[in-house]
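Please have the sequence and the model open while reading.

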Amino acid sequence: MATQPLGRVGIAGAGTMGRGIAQVFAQGGWQVVLSDPAQAQLSSAVDSISRGMDREVSKGRMAHAEKEEALDRVEAVSELSPMASVDLVVEAVSESLPVKQEVFGRLDRICRPGVILASNTSSISIARLASASGRPGETVGMHFMNPVPVMELVEVVRGAETSRETLSATHRIVKGLGKTPVEVNDSPGFVSNRVLMPMINEAAFCVHEGVGTAENVDAIMRMGMNHPMGPLALADLIGLDVCLDIMETLNDGFRDSKYRPCPLLKSMVSAGHLGRKTGRGFYRYGRRVQGDS
Ligand code: CAA
């Protein structure tokens, strides 16, 4: 017998992060409305969620029937209007302030009053999204880590006007997904990317200046610092375009030259070498991952 969903969550954006977030909410018992204007992106997201759940089944963490139920709870839509029926939204569109502001403005008009509008932004100011949303008390950062189904942390970002109720609901929801919320204040890059991205950028400088090859830089950080993967392999996993966007946000936000993006990172992004999703970044990968963003 099918169990009653915990609630309805809308995920805006079906790229790498949006589809991972959709998977964990569906596995956590939520009805999921996954929206993206690109049909190809939506179909590839549903395939990737199904494969992600198969991985859970193969590890014995989920029964096949549970997988079918969870997958049935994911509804893929090409419009934002179905967000009128959700209890919570997690925005995971591309990491661009104007794009996110536009989405938050539309969500405010579509969603019921009181619905929390959470952003998975990796570095953009929650206050700026809150002003676009018209509901600053209900706007909060809910920053998942990649790969979403595996990583324990969700960085919860408190905007200047995020209400206490919104924060406690966010903590409760994140814990219900089996993840650990850690709360920080609104500041460029928050804590996760203020610490991580300069390391990735510096690793790129080491390659740019010929100090070491990508393989050697990564080997040093893996074996010398016990990182699960080297910073440049991680950059390829995150997406070099996303890394560059975050460095630009840090650079603009702090106006401190220590945050200047490495020219090699910029030229790789200009050339379309974005990491795993395009098949080439600091490393080469077997095939292009369709629909990832
Ligand atoms: N989706 C789902 N599950 C995945 C996965 C994926 N893409 N990749 C790996 N996994 C799972 C595997 O199935 C395996 O699960 P079990 O332990 O249950 O068997 C587990 O992760 C470990 O995988 P592997 O043994 O294949 O490989 P690994 O030990 O090298 O781990 C990794 C892979 C989990 C990605 C690990 O290398 C790691 O933790 N890397 C660092 C990731 C990281 O730092 N993420 C944060 C990025 S920053 C960010 O996301 C924020 C931002 O704003 C940019």
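## Packing of H10 and H11

H10 passes H11 in a left-handed crossing (left-handed: the near helix is turned anticlockwise from the far one by less than a right angle; right-handed: clockwise). The contact is formed by Leu-240, Asp-241, Cys-243, Leu-244 and Glu-248 on the H10 side and by Leu-265, Lys-266, Met-268 and Val-269 on the H11 side, where contact means heavy atoms within 4.5 Å. Sorted by class, this contact of H10 with H11 has six nonpolar, no polar and three charged residues. Ala, Val, Leu, Ile, Met, Phe, Trp, Tyr, Cys and Pro count as nonpolar, Asp, Glu, Lys and Arg as charged, and the others, Gly among them, as polar.

Helix H10 covers residues 240-254, and its packing angle with H11 is about 130 degrees, with the axes 9 Å apart. H10 and H11 are therefore oblique to each other. Angles under 35 degrees count as roughly parallel, over 145 as roughly antiparallel, 65 to 115 as roughly perpendicular and the rest as oblique. Axes are lines fitted to C-alpha atoms, for helices over the stretch in contact, and angles run from 0 to 180 degrees between N-to-C directions.

## Basis of the model

This is a predicted model, in which local features need pLDDT of at least 70 and side-chain atom pairs count only at pLDDT 80 or more, while totals for chains, interfaces and linings use all residues. Residues are numbered from 1 along each chain as its sequence is written, and side-chain values use heavy atoms, with hydrogens and water left out.

## Packing of H7 and H11

Helix H7 (residues 192-208) packs with helix H11 (residues 263-270) at an angle of about 90 degrees, the axes being 8 Å apart. That makes H7 roughly perpendicular to H11. On the H7 side the contact involves Asn-201, Ala-204, Phe-205, Val-207 and His-208, which meet Pro-263, Leu-264 and Leu-265 in H11. By class, the contact of H7 with H11 has six nonpolar, two polar and no charged residues.

Asn-201, in helix H7, has a relative accessible area of 2% and is buried. Buried means under 20% relative accessible area, exposed over 50%, and partly exposed in between (1.4 Å probe, protein chains only). Not counting residues up to four places away in sequence, Asn-201 touches Met-247, Arg-260, Pro-261, Cys-262 and Leu-265.

## Helix H9

Helix H9 (residues 231-238) is mostly covered, with six of its eight residues buried. These are Pro-231, Leu-232, Ala-233, Leu-234, Ala-235 and Asp-236. The buried residues of H9 pack against H7, helix H8 (214-225) and H10. Just after H9, Gly-239 takes a positive phi of about 110 degrees.

## Val-46 in H2

Val-46 lies in helix H2 (residues 39-58) and counts as partly exposed, at 28% relative accessibility. Leaving aside neighbours within four places in sequence, Val-46 is in contact with Leu-71 and Ala-76. Its C-alpha atom is separated by 8.9 Å from that of Ala-14, 32 residues apart along the chain.

## Whole chain

The protein chain has eleven helices and eight strands. Helices (H or I, at least four residues) and strands (E, at least two) are DSSP runs, numbered from the N terminus. Buried residues make up 51% of the 293 residues. Of the contacts with a separation of 6 or more, 65% are between residues 24 or more positions apart.

The C-alpha atoms fill a box of roughly 60 × 45 × 35 Å along the principal axes. The radius of gyration is 19 Å, which agrees with the value near 19 Å for a compact globule with 293 residues. That radius is taken over C-alpha atoms, and the globule rule is 2.2 Å times the number of residues to the power 0.38.
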